[in-house]
Amino acid sequence: MIIHFRHVDENAEGEQSRDKGPLAFGESTDEWTALCSLHTLTIYEQAFQNDPSSPHKSLVDDVTDYGDSDDGTPLGKLLAANWEADARALWAMLRCGCEAGLNGDKMVGDFNLWSKAHAADDIDIYRLHILLVKEIDACFPTLAQATEELAKQLEKPKRRGKSRVQQD
């Protein structure tokens with residue numbers, strides 16, 4: 001299965017190949033489009049509302065919540081990523097692509113059946129995570145900007161006591 005992410009520019013200059021699609025999912029050459037949209041959020045939330053492995057019941061929060069084990073480095077994010085949430089998010093994006101008519105007459109069925117159908121597939125899960133986050137960010141740019149600004153604020157060192165200007 002070759003997966004194209006609808007909002008990820010596969011021809012962007014200056015990006016490394018891991019930051020661009022398409023993504024090989026196993027050895028099949030069938031081409032699919034994964035789409036993040038408001039409808040994708042609905043698909044995800046309806047499918048996983050009772051799933052205990054979905055702590056937030058929300059695609060965006062489940063995929064982007066790295067928890068306390070994230071030390072802010074790329075390796076920290078890699079180790080802290082919720083890989084099961086990534087699989088659920090990919091399934092919801094593929095299903096949305098089908099429902100939007102982007103995959104011809106192909107359909108993605110139930111998550112568990114889809115997951116079992118791909119049990120032997122090789123996949124670069126780190127690259128999958130990067131592409132999922134890029135698709136989410138491209139679909140919800142204001143959310144992505146707010147998240148980035150918050151991360152920058154959290155990275156700023158906190159000053160203790162008065163500044164030199166205040167002391168004089």
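Arg88 has its place in helix H4. Keep in mind that this is a predicted model.

**Exercise 1. Is Arg88 buried or exposed, and which residues does Arg88 contact beyond its neighbours within four places in sequence?**

Solution. Start with accessibility. The cut-off for buried is under 20% relative accessible area. Arg88 comes out at 0%, so Arg88 counts as buried.

Next, list the partners. Setting aside the neighbours within four places in sequence, Arg88 touches Tyr44, Phe48, Asp51, Ser53, Ser54, Asp62, Asn82 and Phe111.

Now pick out Phe48 from that list. The charged end of Arg88 sits over the Phe48 ring, 5.5 Å from the ring's centre.

**Exercise 2. Over which ring does the charged end of Lys106 sit?**

Solution. Look at Trp32. The charged end of Lys106 sits over the Trp32 ring, and the distance to the ring centre is 4.6 Å.

**Exercise 3. Describe how H1 and H4 pack.**

Solution. Two packed helices are described by the angle between their axes and the distance between the axes. Take the numbers first: helix H1 (residues 38–48) meets H4 at an angle of about 125°, and the axes are 9 Å apart.

Finally, see who does the touching. From H1 the contact uses His39, Thr40, Ile43, Tyr44, Ala47 and Phe48. From H4 it uses Ala85, Arg88, Ala89, Trp91, Ala92, Met93, Arg95, Cys96 and Glu99.

**Exercise 4. How many aromatic pairs are there, and what geometry do Trp91 and Phe111 have?**

Solution. Ring centres have to lie within 6.5 Å to pair. By that rule there are 6 aromatic pairs. For Trp91 and Phe111, the centres are 5.9 Å apart and the planes make an angle of 80°. Planes over 60 degrees apart count as edge-to-face, and that is the label for this pair.

Now place the two rings along the chain. Trp91 is in helix H4 (residues 83–99) and Phe111 is in helix H5 (residues 111–117), 20 residues apart, so the pair links distant parts of the chain. Both Trp91 and Phe111 are buried.

Zoom out one step: Phe25, Tyr44, Phe48, Trp91, Phe111 and Trp114 make up one aromatic cluster.

**Exercise 5. Where does Leu102 lie, and what does Leu102 contact?**

Solution. Leu102 is in the loop between H4 and H5. Its relative accessibility is 29%, so Leu102 counts as partly exposed. Apart from neighbours within four places in sequence, Leu102 contacts Arg6, Thr33, Leu35 and Gly97.

Leu102 and Leu35 are 67 residues apart along the chain, and their C-alpha atoms are separated by 8.6 Å.

**Exercise 6. Which residues does the cis peptide bond join, and what is the overall layout?**

Solution. Go to Gly21 and Pro22: a cis peptide bond joins them, with omega about -5°. Pro22 belongs to the loop between strand S1 (2–5) and strand S2 (23–24).

For the layout, count elements: 8 helices and 3 strands. In sequence order they read β-β-β-α-α-α-α-α-α-α-α. Of the 168 residues in the protein, 36% are buried.

Key. Residues are numbered from 1 along each chain as its sequence is written. This is a predicted model: local features need pLDDT of at least 70, side-chain atom pairs count only at pLDDT 80 or more; totals for chains, interfaces and linings use all residues. Side-chain values use heavy atoms; hydrogens and water are left out. Rings of Phe, Tyr and Trp (its six-membered ring) pair if their centres lie within 6.5 Å; planes under 30 degrees apart count as stacked, over 60 as edge-to-face and the rest as tilted. Helices (H or I, at least four residues) and strands (E, at least two) are DSSP runs, numbered from the N terminus. Buried means under 20% relative accessible area, exposed over 50%, partly exposed in between (1.4 Å probe, protein chains only). A charge sits over a ring if NZ of Lys or CZ of Arg is within 6 Å of the ring centre and within 35 degrees of the ring normal. Axes are lines fitted to C-alpha atoms, for helices over the stretch in contact, and angles run from 0 to 180 degrees between N-to-C directions. Contact means heavy atoms within 4.5 Å.
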